[in-house]
Every structure is written in structure tokens, then in C-alpha cells.
Amino acid sequence: MPPPLPSRRTVLGGLGTLAVAGSFGLAAANRSASAIASDADVRVRYWNLFSGGDGVNMIAMLNAFRRADPRVDVKDSTLQWGNPYYTKLAMAASGNRAPDLAVMHLGRIPGFAPGRLLDPWDVGLLGKCGVREADFNPVLWKRAVVDGKLYGLPLDIHAQLCFYRRDVCGKAGLLGDGGNLAAVSSPEEWFKALKTAKKAVKGNLQVLGMKASEPNFSWWFFLSFYTQLGGTCLSADGQDVTFDTDKATRVLEFLRQHVTDGYTAPVGIADGEMFLNGSAFTWEGNWSVPVFNDAKLDYGATELPPVFGRPATHAESHCFVLPHQAARGGAANEGAHRLAAYIVRNALAWSQGGHIPAYAPTLEDKDYLALKPQAEYVSAMDHMAVEPSAWFAGSTGLLAQRIGPAVASSNVGSARPDATARRMKDVLEKLLTMKNPMAGEAIVEEGAAT
Amino acid sequence: MTAVSQISPRVRRRGPRKKWTPGQIVLTAIGVLVSGVFTAPFVWAVFTSLKSETEAVAVPTHWVPQEWTIQAWQAIFETGNITNWFVNSVVVSVCVTFVVVLVGALAGYGFARTGFRGKNALLGLVMAGLMVSPAVLGVPLFTTVQSMGVVDTYWGMILPQCAPAAMVYILYKFFQGIPKELEEAAFIDGAGRWRVFFTIVLPLSRPPLAAVGIFTFIASWNNFLWPYMVTNNPDLMTMPNGIATVMNSYGIQWAQLMAGGLVAGLPLIIVFVFFQRQIVSGVAHTGLAGQ
Amino acid sequence: MSAVDTTLTPAVVRPVPAVYADSARVRLARGFQHGGWFVAPFLALFALFVLLPIGRGLWLSFTDANISGVGERFVGLDNYREALDDPLMWDSLGHSAYFTFLVVPCIVLLAFVLAVLAHHIERAKWLWRLCFFAPFLLPSTVAANLWQWLFNPGTGMINHVFGLETPWLTQKSTAMIAIVITTLWWTVGFSFLLFLAALQNIPRHLYEAAALDGANAWHRMVHITLPMLRNITGLVVTLQILASLQVFDQAVVMQDFGPGPEESTRTFVQFTLEEGFTAYRVGYASAISIIFFLIIAVVALGRMWLLRKREEGAR
């Protein structure tokens, strides 16, 4: 006679007990299953916000590092880009459970309470890894230093660009010597160029993609042209609003005209796809370079047209930061330094994603100079239009969140340009009256001013 | 208060075979149509997950994959996040369910059958607590949990989900309905309060406890808001949170996103197919308790 | 909206009945010292994670506290003054109210129709229940991702099936509608089950008697079914209002955690979390949370008041 089988209830009960016991066991150990499984010497937890082409390049660079430095186990996590990322990073740092290394936009450093949410880099240790101040664009390095300490290790400069199709623009006679886009120097010239281009664009495709309804891009484009007009947001000491509503109105009217004149669709159309299909222009971040390269387009990319005189195009920088850990130091910290230094120094792969490298030796690398269209817009690093230095500024910060939708609603015609300009000024004034929530001892913001 | 025991979600009437009357034909046809609309999104998700990423975004779009592939499914399991999150979801939901059922049964019984100073005032307080949730008081709840130092831990996710006044109220109502004579006989035999509770009351209460357990498990498995607020470390995230906040380095890949969503959603649906009766009565029961 | 939230049942707030007079013997004999222990574990959790946050929220709402948890100062009613003067708060409250206004009637009606349908079809009852209820078992974020994909203007199925080119989620006029449709599909199953259970609770003899009197299907619906479902409808409406006012998950996931086109889908909960976790202004966020708490309480107490009035009227 076979032994009696356990009844179904016994089995279910046993499984249930096991599940409960196991769950409580893991909860009590408070370690995720993957952390228990890992067995490397040093584990560097690294957070970033790169997806798409940038994500692919970052993974390739991480893999190269893993081969070069096999003792360090890099555990990378990609979080949702933009504001959610910063929220998570700030909370992890304030809760003392931060990753060992993270990527951040340079403009966000003032809002991250250097010294409280961020730990300074050990410049000596970086030097041992082959990274020195002299190798960087001084403007970038200075922006990353607060109170004499380095909080951000710059990786790149990324800018908003005017992409143009050589085939379409050539047909319209808009190309100058050498096959690059001929310069324009006033709004009238720009719209004339668009008008000519329209004839060369086939079908009902839009002539220009400018993401009119997208708040972040709208704000970035606004900032570019507003800076061209010489406009500023805050005084140098960061105490007063210097926003010029007349200049802002001019810029908003300029942006709006693209929609009213029918050069761009107000909402819902994928600008990138339209460009692939035959739009003459699209305004985009340089991170779209790989997309257009993959499509084998004949195109170029330049700074946003300097229609108001002095050239300026919105730019930001990715940099590496050390989120605050109470017990920062030791092997993981050293691993973080090694990883960041390696990536900054080997950023050629990164520049294939369209970014201008922050590490100067790369800029002279002949492989970099051969990259197209990167070489065409490298001058953007000298014409950066940046957000004011304030705790609420920086990529997708509070300022962009509040002010971006205003620009977008003007673009699509829901609000009048002059009213929008006043609203933007109100936003700045209100933000300025808000106390920096991270202010307090150990926070020095003035140092971040450029 | 409705007597919950009356709910019989599965009405099985034995009798003469049902006839296809014209009314039935029309109703059934409508039923099939509406069910089709309700299931279509699932079908779309399954088909998408079985396409290659390029086919998923091909124009014009189409339902059935031209080339069937399981690359999306392979990819999500290779990167490992999904399995991680799955384990985390199980850990959190199982712990929450266990604690809620245990603590809820004790408290429900305590309120229903024992007396102590200030009981009515406390009961009133618990009822007022029904209006509090992470959606309503999320920020203060977060700072409270933060000051306990359990942000980004399993306990930080679990414990705040373990004080559901609603479940206590449901069990309280149930225990009030159990005839007192059953207990009194045991008391006369000299059994203590705890023994009566564990040997007489609990065995009688399997259906409502199962209902509370099922409801709690579903709620906890699907909970997004609180884990979203309290976890930052991707290794510790639960399924709904991880899927929404952790990106694929290769951008939005719809086939993988759909496959991941199915991994998160299917376990409960499969369980539902097998335990339909219990789950339906569980949900109806907990919901109707508010009537 | 986390539909299966424990907050689903605020509707049960009602006066505590004076139980217990009849079991005084048991209580006197044994109850006192044990009773406290039965309730103690729950009370401990309740105090830590419900009462303490309420108290803390109240205190914080009078301070300028930030997320780091140090250096807060008492600022009196400043936060409340700022909140009542903040167009963003009113806008987001408006969006949540608009969402509620769209969702509640649709869900109640649809749930009722589906329940009647499932109740009357005689074959494969389990199948209808499964189809209508299954979406409710999905995590909110999965449902939202799925519909984000369905609403995708270029490659989504909805535009394809209906031959449209609507950019559902990126234009102001349709963004909220898309979220409402998603919510309907995802959460109607819960209300559907409540209606179905209530339908099955209606005593059969009422219908048999009516049939003898020659009442047709329509009359039976109007004179028996609808009146018998009055209580459950009230419950469903209340639960849905409370859950819909707290909408968050679908809205943020479908808009990639942004405020939607022209800020048209920023909900109240989203606004609170943005103030607290993005702007790091915990004090201000607490003040808004308290205001929200009061709104929720008014709705819940409103239902209680209606119920009591009806009971009095019935006497």
C-alpha cells in the first residue's frame, strides 16, 4: 500500500505557512532578494535617468567599465526621467538610503542642498583616477563648485538644436556654402526661410517641429530666444526678479507666429516622425542625433537661429553626483569615483548620443571631430542659455514646471502672449518669496552663481 | 446592515434545462458583445507582448502578430527587475494580509464581545479613521514614517497598510452577529476568553476572515500610491510601482511593457478564475458591509 | 484612485450602537482586562499610522517644515492663507471634481446595466462575472499603461479601430476623457459586483407576485428592482465619489507623471505630492492635505446625514 498522500488542505496550508514565513523572513532581513544573491567585492549602486539612445550608450559604457574593472559590481537603475527622478533621489538622500552614485543636471545642484543631500567629490581620489580640473570647461566646473567643494563631475553639455534636412532645404535654396544652413539674423529672415521651405515640403507635413504644446521644450525654446534678446530672470545676487515682460512678449509672439502662420502643428503630432518623413526643420534636443542617424537622413544640426541678434541656445549639463550617505566612504565610494571618472574620460560613446563632452581632451579626439553632425554645433557650448541659479531652477525643476505650461498655452493660443508674460513674471515672483525648503546651516547657494 | 451571509454569488438552480427564449438570445448576444469590449484590451496586451518591438509600433497597426516572438518576455526576465519586484510584491502583500487578518480579527472581537474602559470612544475614533488614506494624508504619513527611519524598507511599506479601520469594522459587525450562547456554554465549562476566541469563534469565522483576507491581498498587491511614496530603491519596489517608475534604458518598449503588465496582473486574474466564488463574495461582502 | 483602498468604506461612519447592555455578566466577569488586550495590537498600529499622522499633519500645517525634517518654524495660518489664494490648488481641486463629475454617473449607470445583464442571462454566469470584473484585478499602473498604449495616436488600437487621428492624451479637450474611460473600464467591476449581490438578495417571491398581477418586465424593474436597489445605489455613489476625488494613479501614469496638456489633468492628490515631494514644502503640503481631509469628511458625513434623515422620514 502506498503511503497516504497529504490532503489538499495540508499542502495548501503548508505552502501558505511557507509563504508567510518566507515573507516575514525577507521583511525582517530587509534586504531584497537580489541583494542577497549578489556576491561581488564592491557593489556600486548607480542611478540614472537615461533611456532611448542615451540609455543604450550608457549601458555600453557601463559594460566597458565592467570589463575594465571587474572587481566592481555596478548595479544600475534607470528611473523615469524628469521630476519623478529628482523626487526619488532627494528622498533617498534625505532618508539616508541613497545610491552610491547618481546622474543629475548641473542646474539642479543648488536645489539639492549641497552638503545635505549631496556629498562633495574627493578631488584627490578623482585625480588618482585621471580626472583633473584642468581638463574641463571652466564654466562647467565653476557651476559645480559650491563653497569651495566640488559637488558635480560634469559629463556633457546638451543643447537645444535646430535640425534641418539638407535635401529639403537644398531644394528650397536655404543652404549656404559648404552645404550648411545659411545664417539668419532676424525673425523676418527666419519666417522668409520657412515660407520658402514650405514649398519644398511635400504633402501636408509641417515645415517645422517645435513641440509647441510640450511645456519643457516650450520653456527651453523661450529661454533661448529670451536670452538672445538679452533678457534675464533674476538679478545677479538672486534677490530680485528682473524678468522683462516686453522682451518676453516679443519672444512669445515670435513663437506663437509659427503656429498662426501654419508652419507647425499646435498639438499631438510627433515632430520627430514628421522630420523623418520630410519636414524641413525640427527643434529638438541633441539627444535625437542617434535617432536621425539611424534613419540615415541627410541632415544637419545647428544652434537655434539667432533671430534676435546674439546667438544663444538653451543648454544643460549632465553631471555625476554623490548622493548623501551618512557613512560615505570606503570601497563603494571609491568604486563610485572610479566609475564616474572612467565614464567621463571615455565619453566618446556618449557623444555619439549627440552630447558635447565636458572632458576637454575628448573634444580634440579626431574620432570626435569626425562625428556628424556633432562638429557642426559644438559652438553651442559657448552660447549657453541657462536657467537662473536658484534652488527652484534646473532641468524640470519647480520653475520649469510652473513656467513651462504658461509658454505652451501661449504657443497653442489658449492665452495671449502679453498676459502669459505677466503670468511668467508672477511665477518668478512667487517662487522668489518661497523660502528655500532646504535652506539652513551648511547650505550656501551664492557659491553656485556663475 | 445587510446580513452578508445572504449573498450567494453563484446561483445554481437545478431544474429543467434552460430554454433559448428570444429574450435570452438577445441578452446573451448583448453579453457577448459587451464582454468582447471588456476583454479586447487584454487581448491587445497579449498580442502586443508577442510582437517584436518594431512590429509593435508598425503603422498601420494590427491585432495579430505577423511574426510571433517571445523576445519581450525573455527580455523582461533577463534584466531581472521583474522577478525582483514580483518577490517584493509577494512579501509585502502576504505580510500585510497576515497582519491585517490577525489584528483585525482580534480587534473586531474585542470591540464586539469584550468591555473595557473607553471602548465606545475608541470605536468612534476608529470610525473616524476610515477617512484617512495615503491619498488624503500622504505627506504627513510619509514624514511620520520617515521619522521612524523606515523609508525604503519593507516595514515602511507594510506597516502603514496594516491599520485598516474598515476591516476591523466589518469583522466587528460579524462578531456581533454570532450567537452568544455558543461562547457562554464554553465559559461555564471554565474556558478563558482567549481559548474561546481561538477554539470557538475563529473556526466559525472562516468566511468573513477569508473575505477580509482576499480584499486586503488584492488591495495590497495593487497598491501603487503608498509604495510609490515610500520606496526609492528600485530593488525594493513592488510590481505596480516598479512598472510605473523604473524605465527601460532603451526607452518605452511597448511589447516589454505589456509583458511586464501581464506578469503583474495575471496572477490575480488566474487566482480569480479558480476561486471566483470566494473572491466575489469577499469583495461584495467587504463592500456591502458599508450599506 | 486606488479603487481597492481601505478608504472605500468611509460610508460606514455611523453612530456607534449601544451594544452590550445584555452581556453585562460576561463583561463584568472576564471582559475588562482581556478586552483591552484584544484591541491593543490594532490600536497600536492605528495610533502610529493614522492618529499620529493626523496630529503631525495638523502641526506641520502651521509650520514651514521641509522634507529634511529639521529647522521648522511656526508660521501660524500662513499656509492656509496661501492655499486659499493659490490658483494651482483651486485648479487641481477643479480637475479632481471634474473627474468625479464625469466618472460617478457613468460608473453607477454602467455597473447597474452590467449587473442586470449578468443577473438575467441564464447561461455561463461565471463568464460575465469574469469579463466585467477582471480589469479591477489589475494594478492601477498596469491598467494605465495599457490604455496609454491603446490611446497612442499613431500606433494605438483605439484610433485604428474607429479610424480617428485624435491625440487623446496630448490635447486638453480629450486628456481627461481618456483618463475617465480608462477608469470606467478598470473600476466598474467593483460596483458591478455590489449591484449583482444586491440583485441576488431581492426576494424572488416579490417578482412572482408581480408576475401574477400581470406586471411586465418594465414594471417589475421600476416598481421592484429599482426601489430595492436604493440603498446599494446610495452606497455605490458615495464610495465612487470618495474614491474619485482621490484619483491619482491613472492620471499621473497616463501623463508620465506630468500635469497633462496645459496642466489640465493635475489632480488634487498629485498637487499635494508635488508640493510635498517636488517642492519639498511639507508644511504647505500638510495644510493642503488637511483641507482635503475636511472635504472628504464633509462628503462622508453628508451621506451619514442623508441616511439618518431618510430613516427618520421612514418612521
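Student: Leaving aside its neighbours within four places in sequence, which residues is A:Leu339 in contact with?
Tutor: This is a predicted model. In it, A:Leu339 is in contact with A:Val44, A:Tyr46, A:Phe65, A:Val72, A:Val74 and A:Leu101, leaving aside neighbours within four places in sequence.

Student: And what is the largest nonpolar core like? How many residues does it have?
Tutor: The largest nonpolar core has 312 residues. A:Leu339 and C:Phe192 have the most contacts inside it.

Student: Which element gives the largest share of this core?
Tutor: That is α4(B), with 17 residues. The core draws at least three residues from domain 1 (39-157 + 317-374) and at least three from domain 2 (160-313 + 387-448) of chain A.

Student: Let's go to the chain contacts. How many residues of chain B and chain C are in contact?
Tutor: 99 residues of chain B are in contact with 95 residues of chain C. On the chain B side, helix α1 (residues 22-49) gives the largest share, 13 residues.

Student: What classes of residue does that side of chain B have?
Tutor: The side of chain B that touches chain C has 64 nonpolar, 31 polar and 4 charged residues.

Student: Now chains A and B. How many residues does the contact take from each?
Tutor: 28 residues come from chain B and 29 residues from chain A. On the chain B side, α4 (81-113) and α7 (154-158) are the elements that give two or more residues. Of these, α4(B) gives the most, with 8 residues.

Student: And by class, what does that side have?
Tutor: The side of chain B that touches chain A has 15 nonpolar, 11 polar and 2 charged residues.

Student: Pick a residue in chain C. Where is C:Ile296 found?
Tutor: C:Ile296 is in helix α13 (residues 282-314) of chain C.

Student: Is C:Ile296 buried or exposed, and why?
Tutor: C:Ile296 counts as buried because it has 23 C-beta neighbours inside 10 Å. The cut-off for buried is 20 or more.

Student: What is C:Ile296 in contact with, leaving aside its neighbours within four places in sequence?
Tutor: Two partners are in chain B: B:Met131 and B:Val136. C:Leu242 and C:Leu245 are the others. As for C:Pro203, it is 93 residues from C:Ile296 along the chain, and their C-alpha atoms are separated by 35 Å.

Student: Back to chain A. Which peptide bond is cis?
Tutor: The bond from A:Lys372 to A:Pro373 is cis, with omega near 0 degrees. A:Pro373 lies in the loop between α16 (366-369) and β15 (384-385) of chain A. Most peptide bonds are trans.

Student: What about phi at A:Lys296?
Tutor: A:Lys296 has a positive phi of about 55 degrees, although it is not a glycine. Most residues other than glycine have a negative phi. A:Lys296 sits in the loop between α12 (289-294) and β11 (299-303) of chain A.

Student: And phi at A:Thr396?
Tutor: A:Thr396, also not a glycine, has a positive phi of about 55 degrees. Its loop runs between β15 and α17 (398-411) of chain A.

Student: Which of them is buried and which is exposed?
Tutor: A:Lys296 is exposed, because it has 7 other C-beta atoms within 10 Å. A:Thr396 is buried, because it has 24 other C-beta atoms within 10 Å.

Student: Last one. What is the mean pLDDT of chain A?
Tutor: The mean is 88, and 93% of its residues reach 70 or more. Over residues 441-450 of chain A, pLDDT stays under 50. For that stretch the model has 25 contacts beyond four places in sequence.

Notes:
Residues are numbered from 1 along each chain as its sequence is written. Chains are lettered from A and ligands numbered from 1 in the order in which they are written. This is a predicted model: local features need pLDDT of at least 70, side-chain atom pairs count only at pLDDT 80 or more; totals for chains, interfaces and linings use all residues. Two residues are in contact if their C-beta atoms, placed from the backbone, lie within 7 Å. Helices (H or I, at least four residues) and strands (E, at least two) are DSSP runs, numbered from the N terminus. Ala, Val, Leu, Ile, Met, Phe, Trp, Tyr, Cys and Pro count as nonpolar, Asp, Glu, Lys and Arg as charged, and the others, Gly among them, as polar. pLDDT is the predictor's confidence in each residue, from 0 to 100. A residue is buried if 20 or more other C-beta atoms lie within 10 Å of its own, exposed if 12 or fewer, and partly exposed in between; C-beta atoms are placed from the backbone. A nonpolar core is a set of buried Ala, Val, Leu, Ile, Met, Phe, Trp, Tyr and Cys residues joined through C-beta atoms within 7 Å. Domain bounds come from an automatic or database domain assignment.
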